[in-house]
Amino acid sequence: MIGRPVDRVDGRIKVTGAAPYAADTKIPGVTCGYLVTSTIGRGRLTGMDTAAALASPGVLAVYTPFNPLKLFAYVQEQNDERFPPLQDTEIRFFGQAIGFVVAETWEQARDAAGLVTATYDQQPPVTEFPGRTLQAFEEVEEVVGTQTVGDITFTASYTTPFQHHCAMEPHATVATWNGDHLTVYTVSQGALLVQRRLSETLGVDAAKIHVLSPHVGGGFGGKWGNWAQVPLACAASRALGRPVKAVLTREQVFAMAGHRPRTKQTLAMTCTEDGKLTSIVNDGVTSRGLGGNWSESVANWTLTTYASPNLRVTKTVVPLNLGAATVMRAPGEANGSFALESAMDELAAQLGVDPVELRLRNYATLVPNTGKPWSGKHLDECYRLGAEEFGWSKRPKQVRATADGDWLVGTGMATATYGASRGQASIKVRLHPDGTASVSGTAADLGTGQYTVFAILAADELGIPVTRVRPDLGDSTSPAAANAGGSNSTCTNGPAVQVAAKAVQTELITLATTNPRSPFYGKEVSYRDGSVSSGGLTMSFGTLLTTCDVGGVEAVGTSPRLVDPEHGFRSFGAHFCEVRVHRLTGEPRVTRWLSVCDAGTIVNAKAARSQIQGAVVMGIGQALLEATEVDVSARFTNANLASYLVPVHADIPRIDVRFLDHSDPVISGLGAKGIGELGIVGVAGAIANAVHHATGVRVRDLPITLDKLL
Amino acid sequence: MRVNVTVNGEQRQADDVWEGESLLFMLRERLGLPGSKNACEQGECGSCTVYLDNVPVCACLVAAGQAQDRSVRTVEGLAEGDQLDPVQEAFVEAGAVQCGFCTPGLVVQAHDLLDRVPNPSDPEIREALAGNLCRCTGYEKILDAVRLAASRR
Amino acid sequence: MDFLRPETLAEALEIKAERPDAVPIAGGTDVMVELNYDHRRPAALLDLTRIPELQQWEDGLRVGAGVPYVRIIDELGAQLPGLAMASRTVGSPQIRNRGTVGGNLGAASPAGDTHPVLLASDAVIEVASVRGTRMIPAAEFYLGVKRNALEPDELIVAVHLTPAKGPQQFSKVGTRNAMVIAVCSFAISLFPQENRVGAAVGSAAPTPRRAPEAEEFLASALDFKNPKPLLDSVKREFGELVSRAASPIDDVRGSAAYRKHALAVMARRTLGWAWQELLAKKNGSEERPCA
């Protein structure tokens with residue numbers, strides 16, 4: 001079953017509208033909370049007038065920093081806000097939560113929120129990048145070998161703008177208390193992330209916090225952190241003794257629920273005459289929103305991509321008056337690869353070497369910054385297969401060499417790599433008298449296909465059809481499994497599902513041989529394909545449980561964290577694309593795509609292909625469309641889906657995805673590495689390279705918009 | 001105000017409707033039909049697509065009061081009992097569903113496309129579904145699903 | 001807030017006279033966004049979707065303000081090719097099912113897709129109140145960014161357009177292949193019998209606007225009676241004059257310089273297509289008697 005295309009087990013409830021998302025939660029007596037947000041980008045709140053709001057119909061409470069809900073300081077770093085909302089009067093960014101209005105209905109809460117006024121001691125917000133800063137500082141620096149060798153062969157700077165995740169589902173939380181027990185329905189990339197955060201800030205034992213997040217409408221990093229609506233809904237619900245529902249508006253999602261930071265990379269490379277790199281220096285600059293702590297290590301991708309005896313990367317952080325910057329699909333790699341993959345293309349042109357050939361000449365057979373072997377790497381095969389299937393050899397060497405009517409046609413390619421890791425995960429498998437098996441862990445399915453991965457792996461191990469497996473995800477009471485992030489859900493949880501599904505067979509056998517009602521009592525038995533056998537007698541586990549009058553057997557299996565300092569672990573891939581640019585208007589369009597991926601064992605070919613396709617499309621957005629603008633007041637000006645453009649159906653060509661399917665036995669017995677993020681890495685570089693090939697214009701500042709191509 | 005509307009073939013009545021609220025809000029919050037999703041509130045994403053008098057519209061852009069005495073069909077009303085509509089079946093089989101938040105709107109919009117154009121070309125599909133944003137799938141499998149559904153109708 | 005549902009135009013006008021603060025809503029594609037985002041909280045909504053007079057078009061051509069784009073595309077493509085082309089580029093199918101030219105005029109956004117066509121085709125906007133009816137030429141309708149010539153008690157009732165007497169073209173540059181707000185747009189209408197041309201730009205000034213110098217230039221440079229293949233110099237000059245008619249700004253969608261450039265490109269190309277169509281027709285009609 002592993003590797004075959006399997007229908008998504010959560011498909012049916014999603015096509016009928018029956019899958020419950022956080023905002024769909026109906027609890028009797030639920031009240032609605034609406035966030036009031038700052039209208040300046042930096043300063044201090046000097047006062048708030050809530051009298052009119054409090055007198056407004058249906059209003060139950062108005063919380064502000066002057067009348068706060070008590071929240072304790074956050075302890076852990078979760079790539080989200082540094083400070084719990086409403087606990088101080090400092091304004092760090094435009095759109096920061098400064099009030100929370102709770103009313104009987106949503107429109108009453110919104111109406112009342114509109115009546116709250118605030119006065120500020122205002123200071124000019126800092127938004128220039130790199131420019132004048134509050135406190136610029138050089139952070140980590142990693143050096144391999146000595147520094148530069150000989151004359152710089154190539155140097156250039158590349159920039160990327162603010163971007164937003166734009167998961168289709170806005171952030172929503174519904175909280176309700178029963179005595180001192182909290183139940184919270186919320187968007188999250190991991191129920192335990194919510195539980196820990198709430199335990200810290202509410203001062204409540206985690207065991208008394210039940211988090212439910214069964215279906216999540218996309219995350220891409222934006223739902224890793226817990227944003228202001230989460231603690232506020234929970235604390236307000238506790239204070240009022242009523243359930244509270246809080247949903248962010250799309251504009252609030254843009255302002256306070258994380259963004260991909262702005263970056264600048266300056267690359268300097270030296271190489272021999274035949275194109276062997278002798279040094280790469282990448283000085284990376286990243287913004288950090290003062291609402292949070294996180295920033296991108298944008299230059300680090302340079303450390304692990306190409307062989308070079310000398311490598312140096314630096315990271316300079318520029319704090320700005322913005323909400324928290326946070327992880328967004330391939331954080332660091334998506335932007336980092338744009339610079340290095342563009343630079344490799346520029347270097348290839350300078351040397352007169354084919355771009356694929358230049359990459360092969362600098363192929364990293366060992367991890368460049370550690371000198372250690374890879375757990376498994378077949379990137380050369382990705383290049384060769386991709387080049388062959390794409391027809392790369394027919395590519396004209398000259399730029400601006402192909403036209404189709406008014407459209408200039410060009411092709412480009414780039415490398416994709418993304419780190420792989422295996423954490424610790426525990427999974428429970430339970431066998432039921434009705435012949436089904438349930439598989440549970442705190443993992444999340446953001447649309448990634450994790451439900452189906454659980455079902456496939458458990459079904460495979462138990463020898464029963466996928467349709468008889470019921471995966472339960474997104475529930476904090478399940479055993480602790482991997483959160484959905486860093487492309488390691490399947491890699492981490494998959495082996496644990498296998499362990500648990502084996503362990504439950506042992507439990508079943510124990511029951512069969514020790515329960516006096518069992519026909520196998522005292523006998524030697526074996527388990528195969530959902531049944532227990534001994535001699536001539538075979539009985540399905542459902543029948544056996546029914547016969548013994550037992551409600552189920554279960555086992556928790558744990559797969560440990562992989563600690564292997566001897567290897568480097570990554571997924572690999574190569575993108576090839578064709579781009580057309582209108583000769584007269586400069587409109588760029590992507591017209592052909594091929595990605596070849598080496599990501600270890602593919603568990604569900606159908607879902608995996610879609611994950612890569614989706615990541616490529618997000619990369620097309622990154623390359624051509626997506627940029628959030630900030631005005632002088634530090635407000636994101638295009639904070640809606642009409643002005644922040646993501647690719648639509650009509651923009652996308654057929655996206656051909658191939659998997660090499662070489663299992664990686666070092667990472668786990670399952671051999672799966674990550675695919676969620678790999679697909680976006682290198683996409684913007686491949687497109688920039690194709691645009692250059694089509695037009696002769698090199699764009700080093702994303703996005704590549706039409707006015708840059710004239 | 002009170003709004004009387006036929007929803008999925010049933011005569012329904014919503015009370016305490018705020019005059020400025022959308023059909024989407026009324027469906028989700030007052031009529032117990034959360035299948036249609038609220039994602040952009042400005043007609044840009046198509047997640048709330050429903051039929052209004054047999055024409056697909058963004059429910060977030062229809063004032064609830066405008067639905068008075070009209071007929072609405074939502075994603076919850078496409079299947080016949082347990083029997084999924086061929087478009088719904090095709091979305092599951094083709095792997096066109098990921099996070100599922102855009103799915104209800106896409107299913108309704110694709111359903112309408114196939115009613116009007118039984119065998120659409122790829123550009124026709126891409127154009128017809130251009131108002132339905134999907135951030136997960138990369139659109140490819142959605143295209144497959146519509147082709148598959150077309151082949152079975 | 002009140003929700004008002006007139007069943008006839010007369011009733012709607014009476015309400016509007018009594019309640020000038022009532023905001024008309026038809027397709028909802030602008031008004032509902034403002035309500036959903038809480039950018040606007042009118043005292044009343046005036047639902048126009050139940051008024052049969054507004055949902056019809058009559059030969060001549062009088063297009064009711066409530067006729068949705070999809071019907072303009074499906075039913076009026078032959079008579080109003082320019083308007084149908086512009087309508088096809090509006091939003092998504094869901095938006096075209098619901099949005100109306102009346103709404104486009106009411107919002108008067110500089111980026112509204114149908115405005116350049118209405119200007120280039122000499123459209124006249126019929127507005128009404130209990131005081132009577134006014135016929136406002138499109139060129140006098142747009143007063144500023146999102147401001148139009150409507151009085152507080154008036155409603156947009158219809159758009160009057162002559163069925164195309166010659167080729168019409170519309171062009172729009174955008175960053176996506178669909179669902180796109182124009183970076184800039186351009187419309188051209190040829191009136192061969194009258195030896196003249198209508199030309200207008202969108203998303204390139206505080207209001208949509210005509211390009212009178214460009215129109216006059218073509219009227220003098222072209223021979224509509226005996227059309228000959230266009231000279232490149234004519235196309236270039238036309239493009240230049242159209243570009244000069246615009247006063248665009250830099251914004252997220254594009255720079256002012258890009259808009260000026262793209263307008264010239266669109267003007268040249270649409271003129272080329274329109275003229276080609278005229279030539280083909282001319283040749284066709286000359287050949288017909290022989291056939």
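For burial I count a residue as buried if 20 or more other C-beta atoms lie within 10 Å of its own, and as exposed if 12 or fewer do. I note that this is a predicted model.

I looked up α3 of chain A, residues 106–113, and found seven of its eight residues buried, so the helix is largely enclosed by the rest of the structure. The buried residues I listed are A:W106, A:E107, A:Q108, A:A109, A:D111, A:A112 and A:A113. I then asked what covers the buried residues of α3(A). The cover includes the strands β1 (31–37), β3 (59–63) and β5 (97–103) of chain A, together with α2 (51–55).

Entry on domains. I have chain A divided into domain 1 (11–124 + 166–256), domain 2 (263–421 + 565–709) and domain 3 (425–559). Between the centres of domain 2 and domain 3 of chain A, taken over C-alpha atoms, I get 40 Å. On the contacts between these two, I find 19 residues of domain 2 of chain A against 15 residues of domain 3 of chain A. I sorted the residues on the domain 2 side of that contact into ten nonpolar, seven polar and two charged.

Entry on A:K394. I placed this lysine in the loop that runs between α9 (379–390) and β16 (402–404) of chain A. Is A:K394 buried or exposed? I count 7 other C-beta atoms within 10 Å, so A:K394 is exposed. I also checked A:K394 against A:V646: the two are 252 residues apart in sequence, and their C-alpha atoms are 32 Å apart in space.

Notes:
Residues numbered from 1 in each chain as written. Chains lettered and ligands numbered in written order. Predicted model: local features only at pLDDT ≥ 70, side-chain atom pairs only at ≥ 80, totals over all residues. Domains from an automatic or database assignment. Contact = placed C-beta atoms within 7 Å. Nonpolar A, V, L, I, M, F, W, Y, C, P; charged D, E, K, R; others polar. Helix = DSSP H or I, 4+ residues; strand = E, 2+ residues; numbered from the N terminus.
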